[in-house]
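Hi there,

Here is the structure I promised to pass on to you. Have a look at it first, and then read my notes below.

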Amino acid sequence: MPNIDSSLFEIGTLDQLAEQDTPLHCIDPRVKLVTTLCFLITVVSYGSHEVAALLPLFLYPLILSAVGEIPGAYLRRKLLIALPFALLVGMFNPLFDTHAMLQIGGLSISGGWISYASILLRFALTVSAALILVASTGFTAVCMACGRLGMPRVFSTQLLFLYRYIFVLTDEGQRMMRARSLRSFGSRGTGVKVYGSMLGQLLLRTMDRAQRIHRAMLCRGFDGDIRLNRRYALRAVDLGFGLGWVMFFILVRTCNLPQILGGLVMELAA
Amino acid sequence: MSHHIVEVQGLGYCYPDGTEALQDVSFRIHHGESVAVVGANGAGKSTLLLHLNGCLVPFAGHVRIGDYPLTRETLQQVRRTVGMVFQDPDDQLFLPTVYDDVAFGPLNLGLPQDEVDARVQQSLASVNCEHLRGRPPYKLSGGEKRSVAIASVLAMSPDILVFDEPTSNLDPRARRKLICLLQGFKHTKIIATHDLDMVMDTCERTIVMHQGKVFADEATLEIFNNDELLQQCHLERPLSLSR
C-alpha cells in the first residue's frame with residue numbers, strides 16, 4: 001500500500017520529467033493539449049469489438065515517450081496503479097456477451113473477451129497519452145494551455161492552486177497523523193470518531209489558510225485573473241507536430257492498417 | 001506622493017465572534033522611520049497590521065497612508081504603497097515558480113513584460129536569491145521562502161514595508177541575514193515581532209501593544225530599559241541589553 005509520502009514523491013518525479021529539455025518539451029503546450037485530445041477522441045471512437053485496429057495507435061505513446069525521454073518503466077508503474085479501475089469496468093463483459101466471434105484452432109473466443117481486451121487496450125492508450133502530456137509539459141503549463149484555449153479561468157486557477165497546495169495540505173495532514181499516532185496506543189484512539197474530528201480540524205485549518213492566501217493575493221493586486229509572464233508563440237514546428245499527428249490519427253481511423261498490412265503479407269506469400 | 005506617513009487614529013476592531021481585538025489605537029509613523037510593534041500573544045499586533053493596507057475594515061477610527069485616507073476608493077493605491085510580508089511564507093508564495101510569484105504583483109499592476117522581467121530580476125537580486133527564480137516555492141528552505149516572499153513584495157516597489165514576525169522559524173544565520181537585509185532597506189518599516197533583539201538592531205522606535213491598546217510608544221532603548229513596563233506586557237529585557 002503506497003503511503004502519502006511516496007505518492008507525493010511520485011508527483012515530484014512528474015515535475016522533474018517536465019523540466020527536461022527535449023524536442024517534445026519544446027512544443028507549445030496548447031498544441032500538445034489539442035493533439036492529446038484528438039488522440040483520446042480517436043481512441044474512444046472505435047467500436048467496442050475493435051482490437052487489431054487499435055494497435056497502430058500505440059505508435060503515438062511509444063514515439064512520444066522515446067522523443068521526450070520519459071522512462072517506460074515509470075509509465076508502466078503508473079499504468080499498473082490505475083489498472084484495477086479498467087479491470088473492474090470490463091469485468092462482466094465476458095459473462096454477458098458469450099456469443100462466439102473468433103475461432104483460433106479449436107478455441108472459440110466470445111465477443112465479451114474481445115471487448116474486454118479492447119477496453120484494456122484503450123485504457124493503456126488513453127492513460128499513457130495523458131501521462132506523457134503532463135510529463136512533457138508540466139502541470140502548470142497544461143493549466144495555462146487550458147486557460148488559453150477557453151477553459152473558464154475559475155477552473156484553471158483552481159487547478160493551479162490545487163497543485164500548489166496539495167503539498168502543504170498533505171504536510172499538514174501528515175503532522176496531524178503523526179501527532180495522533182504518538183499518543184494512541186494499540187487500537188485506542190484510532191477509531192472513526194477521531195478521524196472525523198481530525199478531518200474537521202483539517203477543513204477548518206484549510207479554510208483559515210485559504211483566507212490568508214486570499215489576503216496575500218489581494219495585497220498584491222489580485223483581481224480574479226492570474227497572469228503569468230510566459231511568452232508563447234506558435235512556430236512552424238508546433239503546427240507541424242499537431243497537424244502531422246492529427247493526420248496520422250485520421251489515417252489510422254479511416255483505413256484499417258493492420259488489415260491492409262496483413263493482406264499485403266498474404267499476397268506476397270501467395 | 002509627498003511623504004510615506006502612516007497615521008492611525010482611534011482605531012477599533014472587533015472580530016465577528018465578539019473578541020475585541022483593538023481599542024482606540026492611535027499613532028503616527030513618519031517618513032523613513034523604522035518602528036517595531038511588540039506585545040504578548042493576542043495583544044492585537046497582527047490585527048493592527050491587517051488594517052494598514054485594508055485587509056480588515058475598522059469598526060471605529062481611520063487609517064491614513066501618505067496623502068490618502070484608507071477607503072474603498074483608495075484601496076488599490078494604498079496596497080501599492082504598503083507592501084505586506086506575511087508571517088507564513090507558504091501563504092504568500094502561491095504560484096508554481098519563484099519567478100511567477102515575484103512577477104505576480106507587477107503583472108497585476110499592468111506593467112509591460114520587459115519591465116516585469118527587470119523588476120523580478122532586481123528584487124530577487126536585492127534579497128540575494130537570483131539563483132532560485134525557476135524553482136517551485138514548496139521546495140525551498142524556510143529562509144529562502146522568507147527572502148522570496150520579501151522579494152515578491154519589493155517587486156511592486158512599495159514605499160512602506162510591513163512585516164509580521166519576519167524572524168520566526170529561521171535559523172540563527174538566516175535570521176542574521178534577514179536583519180542585515182532589513183537594515184539595508186530605506187523604506188518606512190513597521191515590524192511586528194517577539195524577537196526583541198532584532199528590534200534592538202533594526203528599529204529606533206517601539207510601540208508596545210497590550211490587550212488591544214497602545215501601552216507605550218517611545219524610543220526602543222527607553223522601553224527595553226523599563227523593566228516594570230516590560231513585565232506588565234509579558235515581555236522580557238532583550239539579551240543584548242541584560243549582559
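**What I found**

In chain B, 48% of the 243 residues count as buried, meaning that 20 or more other C-beta atoms, placed from the backbone, lie within 10 Å of the residue's own. Please keep in mind that this is a predicted model, where local features need pLDDT of at least 70 and side-chain atom pairs count only at pLDDT 80 or more, while totals for chains, interfaces and linings use all residues. Residues are numbered from 1 along each chain as its sequence is written, and chains are lettered from A and ligands numbered from 1 in the order in which they are written.

Staying with chain B, you can find eleven helices and ten strands there; these are DSSP runs, numbered from the N terminus (helices: H or I, at least four residues; strands: E, at least two). A box of roughly 55 × 45 × 35 Å along the principal axes holds the C-alpha atoms of chain B.

Now to chain A. Its domain assignment gives domain 1 (4–150 + 233–269) and domain 2 (153–219), with bounds that come from an automatic or database assignment. The contact between them takes seven residues from domain 1 of chain A and eight residues from domain 2 of chain A; two residues are in contact if their C-beta atoms, placed from the backbone, lie within 7 Å. On the domain 1 side, α1 (4–18) and α8 (139–148) of chain A each give two or more residues. Of these, α8(A) gives the most, with five residues.

Enjoy exploring!

Technical notes: Buried ≥ 20, exposed ≤ 12 C-beta atoms within 10 Å, placed from the backbone.
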